[in-house]
Amino acid sequence: MAKKIKIGIVCYPTFGGSGVVATELGKALAQDNHEIHFITYSQPSRLDFLNENLFYHEVDIRTYPLFEYPPYELALASKMVSVVKNEKLDLLHVHYAIPHASAAYMAKQILKTQGILIPVVTTLHGTDITLVGKDASYEPVVTFSINESDGVTAVSKDLRDQTYEFFNITKEIEVIPNFIDLEKFKKQKKDHFKKAICPDDEALIVHISNFRKVKRISDVIHIFKNIRSEVPAKLLMIGDGPERSAAEAQCRELGICDDIRFLGKLEAIEEVLSVADLFLMPSEKESFGLAALEAMACEVPVISSNAGGIPELNINGVTGFLSPVGDVEAMTRNALHVLDKDNLPTFKANALKRAKEFDISKILPLYENYYHRVMEKTSLNVSL
Ligand code: GMT
């Protein structure tokens, strides 16, 4: 079968949501016979298998005694130029604006001088807009490189609206939400694991994040402490990041360490989610909430804040509950309501039903159609 589109995907290859979305998108596109070239500074964590349509090009970030900060953006732009030329790519899709959109702009301009026109699609993921990008130290470059992209997508309506609100954007932004592979993320039978963590059939609460300030880790611990004083419960904290040691200290101060386990960065989170009863996401900012979607796909209801794009995923009173950021008391009340044996099965079923709306099979065609539209528009502009 003829290859469809040859796409270069640029992302952070780490455990963050944008890297996960980019990698899973690339994998799904490759399965649909597109040729996918990942251009990243190390092997993306979920790109750990062989597929004839998947390629990996490592960005070689050379340092030199003069550089206090090695110029990642330049190394990336140079790599993009060489991959686009040598692999004859049709399109570049960069995830997370900083600095991927501006590096792509530079690559595009260099290629233009060599007679090669490459359309660039930028996907905005969240903190590249709502936190880092808004900062005066990056804002002009972010605005410019979004406007210079040939296509721009955002992972929620809220993120699109915030982008229009905070930046002077002249481009139309397409909303394409996060997605889930329901073949991978599904409730599995892991009774032995549940028994080991919750020997007395305690409720199992889970939080997964990169433990940054925006995740309000301290709220997670407080909500859990309140739940635990009403019903027997255990908490699993998955992931790692700057707030982890403060959270561990908080658990010690509150004297609840015996009921909380910090598991660090786990690969097979679907196994843990398979035995969970409730997922906590009290974030201050959250453009979509991919971790909540992963939980819902494993039939886990979500107690969350109403920040950013979370209300576009978690339906209040149906798949869980939404409360204002920081309202730990309301989140506790709602968590106890969901955990009630009479309510839990309905919330679990609703969570799965909602997650199915974000199945990769529904979202992949949105990206494919968008690529075609952008490529058509670019070639039209050239012939005019
Ligand atoms: O959650 C993070 O801070 C990681 C961040 C990223 O870009 O790696 O995640 C963002 O992108 C995800 C995928 O699109 C979204 O599901 C997350 O909601 C978003 N995080 C924030 O907006 C804080």
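I number residues from 1 along each chain as its sequence is written, and my side-chain values use heavy atoms, with hydrogens and water left out. As the model is predicted, local features need pLDDT of at least 70 and side-chain atom pairs count only at pLDDT 80 or more, while totals for chains, interfaces and linings use all residues.

Grid points are joined across faces, edges and corners, and a volume is the space filled by probe spheres set on the points. I found two cavities of 30 Å³ or more.

The largest cavity has a volume of about 90 Å³. I then listed its lining, meaning residues with an atom within 4 Å of a point. Val 20, Val 21, Glu 24, Arg 46, Phe 179, Ile 180, Asp 181, Lys 184, Phe 185, Leu 290 and Glu 294 make up this lining. I took helices (H or I, at least four residues) and strands (E, at least two) as DSSP runs, numbered from the N terminus. Helices α1 (17-31) and α11 (290-297) each give the lining at least two residues, and the largest share, three residues, is from α1. For classes, I counted Ala, Val, Leu, Ile, Met, Phe, Trp, Tyr, Cys and Pro as nonpolar, Asp, Glu, Lys and Arg as charged, and the others, Gly among them, as polar. The lining of the largest cavity then has six nonpolar, no polar and five charged residues.

The second largest cavity comes to about 30 Å³. Its lining includes Tyr 12, Pro 13, Thr 14 and Arg 46. I sorted this lining into four nonpolar, four polar and one charged.

**Salt bridges.** I counted 21 salt bridges, each a side-chain nitrogen of Lys or Arg within 4 Å of a carboxyl oxygen of Asp or Glu. I looked up three of them by pair.

Lys 194 and Asp 277 meet at 3.3 Å, N to O. Lys 194 is in helix α7 (residues 191-197) and Asp 277 in the loop between α10 (269-273) and β11 (278-281), so this pair ties together parts 83 residues apart in sequence. I noted both Lys 194 and Asp 277 as buried, that is, under 20% relative accessible area, with exposed being over 50% and partly exposed in between (1.4 Å probe, protein chains only).

Glu 243 pairs with Lys 213, the closest N and O atoms being 3.4 Å apart. Glu 243 sits in the loop between β9 (233-238) and α9 (244-254) and Lys 213 in the loop between β8 (203-208) and α8 (217-228), 30 residues apart. Lys 213 counts as exposed because its relative accessibility is 65%.

Asp 219 and Arg 216 form a salt bridge at 2.6 Å, N to O. Asp 219 is buried at 8%, whereas Arg 216 is partly exposed at 26%. I also traced one network, in which salt bridges that share partners join Lys 194, Asp 277 and Lys 348.

**Ala 276.** I placed Ala 276 in the loop between α10 and β11, buried with a relative accessible area of 0%. Ala 276 and Pro 199 are 77 residues apart in sequence and 14 Å apart in space, C-alpha to C-alpha.

Key: On a 1 Å grid over the protein atoms alone, a cavity is a set of points where a 1.4 Å probe fits but cannot get out, and a pocket is an open set with protein on both sides within 12 Å along at least five of seven lines; lining residues have an atom within 4 Å of a point.
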